[in-house]
Structures are given as structure tokens and as C-alpha cells.
Amino acid sequence: MAEAREVASNRGRKIRRMRHRGRSSQVSIYLGKQLRFFINENDWKVLPMAAIIAALVGMVIRKRFFINMEGSLIGAFALTCVAIWNGCFNSIQAVCRERPIIKREHRSGMHITSYVAAHMIYQFLLCLAQTGLTIYVLMIMQVRFPEKGFITPFMPLDIGITMLLITYAADMMSLFLSSISHTTTGAMTIMPFALIFQLVFSGGVIPLPEWSQSLSDFTISNYGIKALASQSGYNERPMVTAWQTLEDMRDDEVGGDVTLGRILDILDSKPVQDRRDLVLIDSTWLDQTLDMEEGTDLPEEAADPSAGPEAGAADPSVSAETGEADAAAETVPVLTVGQLVDSLKEFPALQANRDRIFTLKAKVSDLFEMFGEENLKQLVQRKTAEANYKEEYEMSRTNIAGNWFVLGLYILFFALISVIALEFIDKDKR
Amino acid sequence: MTTIPQTILRSLVYILLEADMDSVYSMVSAVLLMVGLYGIFRKCGLKPWHALIPCVQELKMGEAAGRADEGRVAAVMRAVSTVLIILDAVLELTPFYSEDIDILIGVASVLASLVSMVYLVRVYLGLIEVFGLRRRWVILWFLVDWFPALLWGWLKKYQPLWSAAEIKSDAANFFSNSRAAVLDQGLTVNLEERTATEFFKKKYLLRDIHMYIQPGHMVLLLGGSGAGKTTFLNAVNGYEPAKAEVVMNGRNMYKNYKDMQYDIGFVPQLDLMRGSDSVYRTLMDAAALRLPMEFSKEQRQARVEEVMDIFGLTPVKSNLVVKLSGGQRKRLSIAMEFISNPTLFILDEPDSGLDGVMARELFEQLRKIADQGKIIIVITHTPDRVIDLFDDVIVLAKDAKRTGRLAYYGPISEARTFFGKDRMEEIVKSINRTEEGGEGRADEFILKYAEVQHGRSA
């Protein structure tokens, strides 16, 4: 802070030390300059540019964002790209284009902290306007935001805060790059590297080799994607790619030639043996079937009490004695996988024809029909979604707030190192 | 016992018989380059055996070419590249080696080589300049460096225009050390040295400059390009402190820089202002930065109006800076510094881009400011059209070691006698190096002036 006090000169005279503008009051001077620059030097063009970019991205993600797992991830990545792009272009030339002027003004008593603070305020306003525009355009483009927000009452506001933080963090990163660049050409040469690094090493969409995975912890985009994917409910959505692939194969034929021996060998395989106790037919089902189709003969295996302990327990006469009220409670297995496998393996005619070749062919659509298309769809989507569950995209307040916090730290970090970089502006080579 | 010649012979036989042609060519061309550079270094007055040491080669080529900085970068980058290749080879024998590390080291090595190559091209261009040849030689240097090296090094036809060898100059080694008096009024500069370190090498930018400037004097600062004029001014105003004592009106500038920086106006060569501000806004912001807090807004406005009147900017007060003419912009740039009514006013080529009439008007305004008791120091490359307005002249020149030295400080009339020249531009020409189209008499005048000063102080 500027001080006003009397100091003694080296010759013993009292000289009044002049008080000049301190850091806080210089901020308003530079904020005014930034705002005039916005109006007079066409800085405002970044706003329509943000709207156009949002529209282009909106066209791509509107039918998938918040709908399915892949859409949520791609939407999160796309919106992060938009935010980083906007942020980078806002400030990449902001400092380097007037570097000699800053040097001159620094010589005249300008505080670097005031200059950077003015930039921070101005760039925040710019990022706010861009984010507002982006969200508005996405809503116009009918991106299906859920009505209720997760942290705030409105989901667009939730997403908006995340996008603002990403944009602002990218903006501050660019401000730093601009602070270390001596010319606009230099800044524009560095920026693509920074952009590529942010997008490639985001760790969201592009798989990274193991050694480079830790690099994604140092990118703004990583935390942006995490926050947006969490907010879009990535883990709660179905995964559709596998099912869509199956659907595309609907008319394809699957199958081929197989020997009977091979089929019998499969009965010995571990997955089948693990399921030996699986009940294929139980007494309740049998009773119901018999009630519906009177006169139908019992299967030989099921009627034979010597078939095994389970089969004995499933004697229909036992069930008949207990009465109808207890029928459900006393459901007993009639045929298990183990029984079926054993009987098939012991069947001599089958063993004798082990080398016989069968041609098994079916269309994928036939399989859909066999297992029930809707059931299969839900199963595939659920199972693939479970396989792609990611803890870092967990839809929890702690997770989202944590990512916001890291983005906030990035903003402060880049602002701080911008100040440090500019403090050395006097060392520029002439 | 195996003797050294036997070992060398065996190695040569091995190289010629066992190694592939690329390796043979690389080794032979490296040897030929050494031989060629040996001759070039000898012609340029450097130690020829330096040509035999890789990396030192580049360093010394830079010196021979008058581009020592570029040579240093090329040498360091080549060293880095070589170290990386060796490191890669060593790592390959250890368990730490992996394909990723190999790729990373490879990329870093290629990058270092690339940078080295770019800087070497600059060195080649410098060398071409030294030998006074056409720039197209650079292609040959780039593709087969050993060939032009052999030609230039060993044919009598190719001779350097000037030698990079250090001249044993009396001027470069004689210092007056005569300190100027420190008075209650005026500006005293006792600069011992101003150095800079580049690539761990200390360079003297300025040395042994002592002077006292009276208040109310308008001083012309002359010197060829690279003589250290701007460095000197930055040292004087405390912006880039040197090993010096600078005292203005009895106060040490370096010790009280925070207070005194507002009492110094420095107008840079370029008009460094924001085009998006109006003239009035530019001056109001300058006033807000430079004037003390005790000034109310009304007082600041009044001062801005006053300054706009002085510099003839009132008619364009609402115009954006970007719309101003060259002369108006220059005046605005000066007005920004004048707003705090500084005691010391330094202007770096304020007349650049101005025609004779406008330049004259500008210097007349500066004269009026000086007449108010201010000290004004001006750098200009066209001094003769306004020389009548100046009181004193400072002449800076590069000595044989390329250090900025004081060749003269004193009244204009005495300067004419001292240099034996009528016009200031002739004085500059006389101290400029011959390769710059000058007379190359800098050392003569530096020594003469140092002896005069030394005599005075004695």
C-alpha cells in the first residue's frame, strides 16, 4: 500500500514522500481500459463466436446428452472442448499484444497485481457472458436438460457453473501463456500445444497409454469432463453401443458346423458344471402345466423316483398330499441341469454318434426372438453400462464440488503464475 | 606392445573395412570440417586447435562470425544432443531401459539437434558476412559444411574482412575512474559498470561513465547502434540499475527509486499507448497513475487540460489514439510522461517518424520545458536540424571489446573541436566501426576523453 510519511533524505532534509495510487485503486483504471478495449477493439466478437460454437456442438450432442452413457461422456467432452476453446481464445493475446505498453506503465508505477486482477475481473465477465450464451443456445437447440438440478435447483445452472469454471480456468491458463509470450505470434504458436495437451490428455474419451495416464491429472479438461459427466448422470444411464451393434447385425447369420462330441464336451465344461443345481423344471410349474394340459404325460425322468435325491423329493404324489395351500411353499425341483447333463452323457446313442456333424445356423434376429428382444436389449445395455461404470463420474455432490474446487484452484494457480511471469517483464530483451 | 600409431592404423582399417558407408562418410566429413575450420580460425585470429574439439567448434565459429550468442546456443544444443545419445546407449544396457524412454530421449535429441542446426545457420550467415561473400553460400554450408570450410580455410582467395581476434587496445583497458561531483542540484552519474550474463558469460555493456548534468540543460545523447544508449538511460533512471551512483538533486536515485520514479519521465522510442482509449482518457489514466493521491479528480482534470494545451492536443481530445497522426501520437506519448512534471525527462528518439518541421516544433517545446529548470536527455539520429536547441552532448561508443564507453561529454561547441567535425552526424560516423560504414575511431576518442578526464581528476 502506498504510504504517506515524512522521510529523511541522505542530506538531512525532510522530503515529503508522495502517496500514489495503491494496488486496489489501480484495478479500476485497468478494468476501464479492458472494457473500452471490448467496445473499441472488437473484443466483443468472442460472444457471437461462442454462440456459433455452442450451436454446432448442440447439433451433435442434443439427442444423446443426458440420454445414454456414451452420449453423456461425448457431451461432457464436447462441452469441455467448447469451454476450453472459448477460454483460450479470450485471453491468449490479451497480455502479449500490449507487452511493451505494460512495460512502460510498470515503469510509471503500475502494479502487476492490479493489472492481472483487472484482467481476472474482465475475463470473468467475458466467460460468464459466453457461458450464459452457450447454455441458452444449447437450450434452444433442445438439448434435453433434466428439469431438476443436482446442486442448484436448475440443471442448466449446474452445468453452467461447471462450464464457467472450465472456461475461466482455460482463460487464466491462456492469460499465463500470453504473459510469458513476447509477441502475439509466439502466443499463437504455443496455444495449439496447450489445446492439444488439454484435449488429448483429458483422459475422458481418448484412451491413454499407462505411462501418460497421470498427465491427465494436470489438465483442466480432466476435471471438467469429470464434473460434466457426473452431472449428466453418466453412471445412471444405459450404454447403447453394444446393443446398437447387435441391432446392426440383425440380418447376419451366426453359427457353423459342430460335432455332437463337441456339444457333449460342452456339458462337461465348468460353466455348465457350476450350474448343476439349477432347477429347469420344478413341481409348481409341473402342476400348473398339468392342470392346463390334462392328459399330458409326465416326463420319464421326472416321474422316476430313482433319478436322484432331488428328483425323489420332487415326487408329485408328495406334493398332492400336502394340499393346494402349501403347494407354493413346498416347491421341489423336478429336473435340474445336473440331472439333464448326466442323462445326456449316459445316453449310448449320443456317445456312439460323437463324430456326427451338425450345421447350426441362425439369424441374429432369430436369437432376439428366441430370448425376447426387449429383455435382451435391457440386459445388454445394463451389463455393458455396469462394465463401464466409473467411480470418478459418480453423481454425488462431493464429487461435483470436488471437481469445481480443483478448477477453482487452477484459476488461482494460473493467475498467480501470470503475476510472477509479468513481474519479470523488466528483464525483457530490448 | 601396441603403439599409438598402430592403434590408429587398426582403427582406420576397421572403419574402412567394417563400418558402413554412412559412418565412414560421417567420420571423414567431420575430420575434413575440423581441417577446414582450423584454417578459418587461424585466418580469423582465433586459436586454430579449437577446431578439433566438437562443441567448442560451434562456439568459436560463432566468435569468428561475430555471432557469439548464436554460436553458444548451437554448441550447447549439440552438446545436449550428444549427451542424450550417449545416455540412451548407456540406458540400453541397464534394466531401466524401456521403449518409451528410448522414444522420449530420441525426440529430445532430435529437438536439440534441430535447434542447434537453426542457430548454426545463423552462424554461417555471420561467417559469410565476415568473409564478404554471397548469402547463397549458406546452402553449401548447410549441406556439406566441410567443403566451404576447406575452401575458406585454406585458399588465399578467401580472406575475412575483419578479424574476430581481441584487439590489444589501449582504450579498452584504460579507465579514467574520475568520479563526477555530487551536488545539491542537477544530475550526477558515476557509472562504474553495467554487466549482463548470457550463457554463464559476463558481458560488459557499459563501463566508466562519469558526468554531472546541470539543471535546465537539454542534453543530446549520441552513439552508433549497439553503443548502449538505451542501456545507459535505463541505468540513469534506475529502471535497470548498474554498478553506479546516480544522484538527482542530492538524492540517490537507486536508494530512493520507489519515490523518485515519478520524478522521471521516460518517453520510449515507440508510441506505446492503447489505441482503444481516447486522448483525454489516456491522459487521465496517466495522471491517475503518476500524480500523487493528494491530487483531487478536479486537479487531475485541470492538469490534463493544461498538458493538452501545451502539446496541442486539445482539438483531438475525444479522438481515439488509433486515429491520431504520427505527430499527434508522439506528442501524446510525451504528454503522458510530462503529466507528473518530472525533474528528469528522458526521450528515446522522439522525432522518429516526424518530418523536419514537426520535429523542430517538438524540440522547441522540449527546450521550453528545459528552460523551466528540468534536465532533458534526448536520443536522436537526426540531431543537426535541432542542434542549436541543445546545451550539451554525450557521445557513447563501443570500444574494441564491444563495451559502451564515454567518448565525450560536454558543450556542443567543444564537441566539434574535440572530434574535429562540424556536424553531429559526422561525429557518429567517426566513432562507428568500419564495417558499419564508419571511420572506426571509437577507441581513439574513448582513450582521448578518458585521458582528459583522468587529467582533470588528477
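Two residues are in contact if their C-beta atoms, placed from the backbone, lie within 7 Å. The model is predicted. On that criterion, and leaving out residues up to four places away in sequence, B:A407 touches B:V395, B:L396, B:A397, B:I431, B:A442, B:F445, B:I446 and B:Y449.

B:A407 is also one of the residues with the most contacts inside the largest nonpolar core, together with A:A169, B:L283 and B:A335. This core has 164 residues. Helix 6 of chain A, residues 155–180, gives the most to it, with 14 residues. Another core, of 28 residues, lies apart from it and includes B:M61, B:V73, B:A75 and B:L84. In soluble globular proteins, nonpolar side chains tend to be buried together.

Between the chains, 27 residues of chain A are in contact with 25 residues of chain B. On the side of chain A that touches chain B, helix 1 (23–40) and helix 4 (99–107) each supply at least two residues.

Within chain A, helix 18 (residues 364–371) packs against helix 19 (residues 373–387) at an angle of about 95 degrees, their axes 6 Å apart. Angles of 65 to 115 degrees count as roughly perpendicular, so helix 18 of chain A is roughly perpendicular to helix 19 of chain A. In this pair, A:F368, A:E369 and A:F371 of helix 18 meet A:E373, A:N375 and A:L376 of helix 19.

The table gives the residue classes of the two contacts.

| Helix 18 of chain A with helix 19 of chain A | three residues | one residue | two residues |

How values were computed. Residues numbered from 1 in each chain as written. Chains lettered and ligands numbered in written order. Predicted model: local features only at pLDDT ≥ 70, side-chain atom pairs only at ≥ 80, totals over all residues. Core = buried A, V, L, I, M, F, W, Y, C linked by C-beta atoms within 7 Å. Buried ≥ 20, exposed ≤ 12 C-beta atoms within 10 Å, placed from the backbone. Helix = DSSP H or I, 4+ residues; strand = E, 2+ residues; numbered from the N terminus. Axes fitted to C-alpha atoms, helices over the stretch in contact; angles between N-to-C directions. Parallel < 35°, antiparallel > 145°, perpendicular 65-115°, else oblique. Nonpolar A, V, L, I, M, F, W, Y, C, P; charged D, E, K, R; others polar.
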